[in-house]
Amino acid sequence: MSRRTPTGPVDETGRWSRRGLLLAAAAAGGGSLAACSARGDGTAAPATTTVTAEASPGPTTTVTVTPEPDPVPTLPERPGAWTADEREVLPACKQAAVDFLVAAMSVDDAGRDNDALAQRLEPTGQPVGPALPLLGLLPGSGPAALAVRYSQYGGLGPDQDVASQMVVGDQLLLDEQGALVRRPFAADVRLALVDGTWVVTSAAPAFPDPPLPPLDPAIEALLDDERVELPGIAAADLRSGVVDASVARGLLALAERWQISVHVFYSAHPVNVFPTTRPSAHTVGRAVDVWALDGIPVVDQEASPWRAFMAAAPDAGATNVGGPEELQPAARYFTDLVHQDHVHLGFPRPDDRGV
């Protein structure tokens with residue numbers, strides 16, 4: 001019996017050529033097809049196609065082709081790590097709050113139980129208990145990640161051993177078609193300094209009120225103004241009607257001179273001025289915190305135009321202005337460690353305007 005030529009399935013040495021294997025696989029309609037079976041763990045084993053052919057001369061040759069498993073869905077956009085600026089007051093405090101949230105809320109296709117949560121938090125050294133309220137924000141399936149925009153102080157204790165961090169950003173998810181979805185996110189994270197390490201003691205995610213139309217024309221104008229950068233949570237507060245129109249009018253006036261990056265109005269801000277029992281102006285919708293101007297964070301105090309912005313705020317209607325320094329007259333301005341990273345604008349009630 002003569003050998004087949006090299007253009008056939010067997011080459012001159014009697015071994016199967018690559019082309020021969022491909023031809024055999026293509027003609028394997030009568031070959032053996034192993035159906036999808038169940039593994040011991042109950043999951044489906046990948047289908048395998050077995051092709052058996054006899055080389056001449058030589059032993060029987062069997063080729064098994066195992067298809068690639070369906071890939072686990074991944075996010076087309078992965079957020080980069082957020083790192084606290086070294087110019088921040090107590091940057092380790094901010095970093096601890098952010099690392100805690102990112103670990104708790106970043107999952108692949110599994111990891112929604114307490115054990116998986118503990119594994120994600122272990123590298124951060126943070127406890128599991130404060131993260132349990134966050135599990136309900138994870139999708140039922142598929143990946144999720146947290147993209148942090150900024151972490152701003154909501155307050156510091158007098159001994160700088162307790163703190164509130166208002167962390168604002170977006171939760172990244174996939175919809176049913178696999179497209180990227182950005183869901184607004186904000187949380188008030190409380191921390192305590194324990195043996196020189198910042199430990200998370202609680203985390204309260206924000207849940208803005210539903211939209212309440214019709215809106216004041218100033219609120220609508222602020223939502224449409226490209227000179228004012230609004231995170232999703234802040235925009236939701238505007239649509240819910242919780243923010244007073246005087247705040248919107250003030251921001252619109254100041255936006256004629258600066259690009260304004262809002263951090264919070266109401267959602268995620270402590271109800272009381274931390275750590276006192278005095279209600280915050282944010283709680284009644286009459287205040288806003290601005291963390292960057294013209295794209296420059298306020299904490300970059302040498303480059304940011306925060307001083308001119310604070311000086312102009314009273315002309316825009318603000319009667320209580322906090323920032324990195326106390327300007328004059330002191331009755332309108334204040335400063336402390338909390339306000340080194342943002343400018344606070346408080347606006348009066350209609351019955352005490354001008355006071």
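## Basis of the description

Two strands pair if DSSP finds at least two bridges between them. Helices (H or I, at least four residues) and strands (E, at least two) are DSSP runs, numbered from the N terminus.

This is a predicted model, in which local features need pLDDT of at least 70 and side-chain atom pairs count only at pLDDT 80 or more, while totals for chains, interfaces and linings use all residues. Residues are numbered from 1 along each chain as its sequence is written, and side-chain values use heavy atoms, with hydrogens and water left out.

Strand 14 covers residues 343-346.

Strand 10 (residues 287-293) is antiparallel to strand 14, with 4 bridges between them; here A287 has G346 as its bridge partner. Strand 12 (residues 320-322) also runs antiparallel to strand 14, joined to it by 3 bridges. In that pairing, H344 of strand 14 lies opposite G322.

## Helix 4

Helix 4 spans residues 217-224 and buries A218, I219 and L222. Its buried residues line one face of the helix, because they fall within an arc of 100 degrees when seen down the axis (taken from the directions from the helix axis to the C-beta atoms). Exposed P217 and D224 sit on the face turned away from the buried side.

Among the elements covering the buried residues of helix 4 are strand 8 (228-229), helix 5 (232-240) and helix 6 (245-254), where contact means heavy atoms within 4.5 Å.

Methods. Buried means under 20% relative accessible area, exposed over 50%, partly exposed in between (1.4 Å probe, protein chains only).
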